[in-house]
Amino acid sequence: MKNNFVKLAGILFLIGAISAGVLAWLNDSTKDLIAQNDAMASMDPAILEAVMQGSVMFNDYEDTALVETAKGENNKIINIMTAVDASGNELGKVVRTWSTVKGFNGDMELYVGFTPEGKISGVSVISHQETEGLGSKTTLPAFTDQFKGKDGSSEIGENDIDAVTGATYSSKSFLSAVNNAIEVYTKYLK
Amino acid sequence: MELVSLFITSFIVNNIIFMQFLGTCPFLGVSKKIDTAAGMGIAVIFVITLASIITYIVHHAILVPLELEYLQTIVFILIIAALVQFVEMFLKKSAPGLYQALGIFLPLITTNCAVLGVAINNIIYEYSFVKSLVYSVGTSSGFLLAIVLFAGVRDKVDYADLPESLKGSAISLITAGLMSVAFLGFSGLQL
Amino acid sequence: MNKLQIFKNGVTTENPILVQQVGMCATLAITTSLINGIGMGVAVIAVLTGSNIVISALRKYIPDEVRIPAFVIIIAAFTTIIDLLMHAYTFALYQALGVFIPLIVVNCIILARAEAFAFKNGILDSTIDGLGMGVGYLVAMILLSSIREILGNGTILGLRILPEAYEPMMMAIQPPGAFIILGLLIGFVNYLSRRKNA
């Protein structure tokens with residue numbers, strides 16, 4: 001009886017081990033491509049342009065201690081960056097953040113750009129899981145353009161923006177991300 | 001209180017069946033009688049909560065430090081399968097009536113999308129341990145709510161005069177759809 | 001059954017979604033646009049066929065008592081393979097399908113076919129069964145997601161087909177629409193099969 005049990009466990013273990021081995025190999029072969037995809041999702045030139053007109057690159061903000069403090073106190077902040085143009089001039093600051101209010105299917109990941117005068121230069125969605133054709137419309141310029149030029153020194157109220165019809169969750173989630181970025185900007189970068 | 005809001009949101013506003021579609025198979029399969037449905041719902045709450053705790057710990061204590069995240073699917077599903085096996089043995093001894101009534105659907109809790117879905121979501125949303133606990137209990141309670149409500153409605157539907165083609169799953173799905181409309185109304189709920 | 005019949009069985013007579021009614025979760029959630037429906041359908045074909053082949057090949061070596069855990073490991077492995085491949089090579093689709101890719105492992109269809117067919121039949125037959133059921137799933141996904149995308153968005157594959165003046169039926173894309181449209185679809189299929197048998 002015990003022998004049988006060992007045999008059963010052994011076969012399961014073998015199947016598991018072989019599967020794990022195959023996966024480990026595949027994971028290794030695709031690791032770089034996957035990392036590249038994840039990075040590209042956030043560094044697409046179209047996104048950079050939409051967030052801060054004229055920018056070609058987002059660099060990590062040089063005051064790393066400040067960024068660490070911010071991340072420690074605000075667990076939805078992913079990064080703080082500076083947007084630079086082709087000549088290397090700083091155009092403004094960019095906050096990369098998750099939303100604080102869940103969308104329909106999860107958190108949304110955004111860039112929110114701020115001009116030196118403290119106005120929002122643009123926002124762009126990096127990743128989301130909202131419904132295709134509904135919540136996904138929050139990624140379109142028709143929705144995101146309304147944030148350009150808004151005052152980045154105080155929270156934007158729900159009544160100050162036009163939500164996407166039928167996508168209340170997604171719109172609210174989007175807005176919460178923008179407001180989270182505003183909170184970080186006013187607290188640490190002004 | 002953020003945790004209360006999280007509970008209500010996962011319980012009603014983002015109801016696992018009517019809004020997220022996870023757990024639909026047992027939902028359609030076990031909801032014919034209210035007591036069986038209730039029993040299933042409670043078993044699911046138990047499994048989802050325990051599964052969330054164990055998978056959470058395994059993920060953060062083993063998979064992440066060892067950079068084995070790609071094994072998440074396999075490891076999680078095995079944990080869930082083992083858990084369901086234990087629940088089955090436990091029910092067989094302590095509640096044989098319920099065990100009989102649930103029949104094939106008990107081992108099928110393993111393939112209940114809701115269990116794996118909640119476990120994975122805990123990781124994706126980067127919840128703390130307490131939050132994932134609240135999320136799990138809230139979500140699975142939402143499953144209980146949905147399945148019991150549905151069983152109540154189906155009881156009545158069985159006596160209705162329907163065109164032949166619509167009997168069975170077709171009318172069940174349409175009914176679920178109408179209930180889903182009701183739950184959609186919660187989306188404006190501000191907490 | 002001969003080989004062609006096995007394949008046809010999966011697509012029509014025992015269509016996993018429209019007749020057997022298993023594996024609904026992803027069906028309801030993913031079908032908001034045709035491209036997503038197709039993407040998920042193809043992913044399921046890959047996992048289903050792959051796991052059917054391996055389980056069938058190993059059927060003489062897997063003891064009966066541990067067959068369910070063994071199936072689960074193999075199916076989970078294939079799901080992870082597809083997940084990694086999509087993450088690397090079809091990133092946009094990967095982002096769109098989100099959490100439903102790992103959820104392929106709990107898609108009742110795959111476990112059901114492993115238990116009902118692959119464990120008891122030869123490799124070639126199991127391959128065809130996997131393909132047949134997978135294609136049946138894909139067909140149902142295409143039907144459901146086309147209807148939902150046209151009604152709810154006025155587009156198909158992102159291309160506008162209904163005139164701009166058409167007010168999209170928002171509900172088609174939202175959860176209630178999924179339940180109701182699938183219910184009506186199944187009712188219609190019932191009607192067709194009753195007419196055929198009458």
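Biologist: How much area do domain 1 and domain 2 of chain A bury between them?

Modeller: About 490 Å², with 55% of it on carbon and sulfur atoms. Buried area is the accessible area (1.4 Å probe) that two parts lose on being put together, summed over both. Ala41(A), Ser42(A) and Met43(A) supply 95% of what domain 1 of chain A buries against domain 2 of chain A, more than any other three residues.

Biologist: What are the ground rules here?

Modeller: This is a predicted model, so local features need pLDDT of at least 70 and side-chain atom pairs count only at pLDDT 80 or more, while totals for chains, interfaces and linings use all residues. Residues are numbered from 1 along each chain as its sequence is written, chains are lettered from A and ligands numbered from 1 in the order in which they are written, and side-chain values use heavy atoms, with hydrogens and water left out.

Biologist: Where are the domain bounds in chain A?

Modeller: Domain 1 is 1–43 and domain 2 is 44–189. The bounds come from an automatic or database domain assignment. Over C-alpha atoms, the centres of the two domains of chain A are 37 Å apart.

Biologist: How many residues are in contact across that boundary?

Modeller: Four from domain 1 of chain A and nine from domain 2 of chain A. Contact means heavy atoms within 4.5 Å.

Biologist: OK, how many salt bridges over all chains?

Modeller: Nine. One of them joins Asp107(A) and Lys76(A), with the closest N and O atoms 2.9 Å apart. Asp107(A) sits in the loop between strands S3 (90–98) and S4 (109–114) of chain A, and Lys76(A) in the loop between helix H3 (64–73) and strand S2 (77–85), 31 residues apart. Helices (H or I, at least four residues) and strands (E, at least two) are DSSP runs, numbered from the N terminus.

Biologist: Is Asp107(A) buried or exposed?

Modeller: Buried, at 15% relative accessible area. Lys76(A) is buried too, at 17%. Buried means under 20%, exposed over 50%, partly exposed in between (1.4 Å probe, protein chains only).

Biologist: Which residue meets Glu109(A) in a salt bridge?

Modeller: Arg96(A), at 2.6 Å, N to O. Glu109(A) is in strand S4 and Arg96(A) in strand S3 of chain A, 13 residues apart. Both are buried.

Biologist: Switching to chain C. Which residue pairs with Lys3(C)?

Modeller: Asp125(C), at 2.9 Å, N to O. Lys3(C) is in helix H1 (residues 3–11) and Asp125(C) in helix H7 (residues 123–153) of chain C, so the pair ties together parts 122 residues apart in sequence. Lys3(C) is partly exposed at 38%, whereas Asp125(C) is buried at 18%. Chain C also has a salt-bridge network of Glu14(C), Arg113(C) and Asp129(C).

Biologist: And how much do chain B and chain C bury between them?

Modeller: About 3000 Å², with 83% of it on carbon and sulfur atoms. Phe21(B), Ser165(B) and Leu173(B) lose the most area in chain B, together 21% of what that side buries.

Biologist: How many residues does each chain give to that contact?

Modeller: Chain B gives 37 and chain C gives 34.

Biologist: How many salt bridges cross the interface of chain B and chain C?

Modeller: The rule finds zero.

Note on methods. A salt bridge is a side-chain nitrogen of Lys or Arg within 4 Å of a carboxyl oxygen of Asp or Glu.
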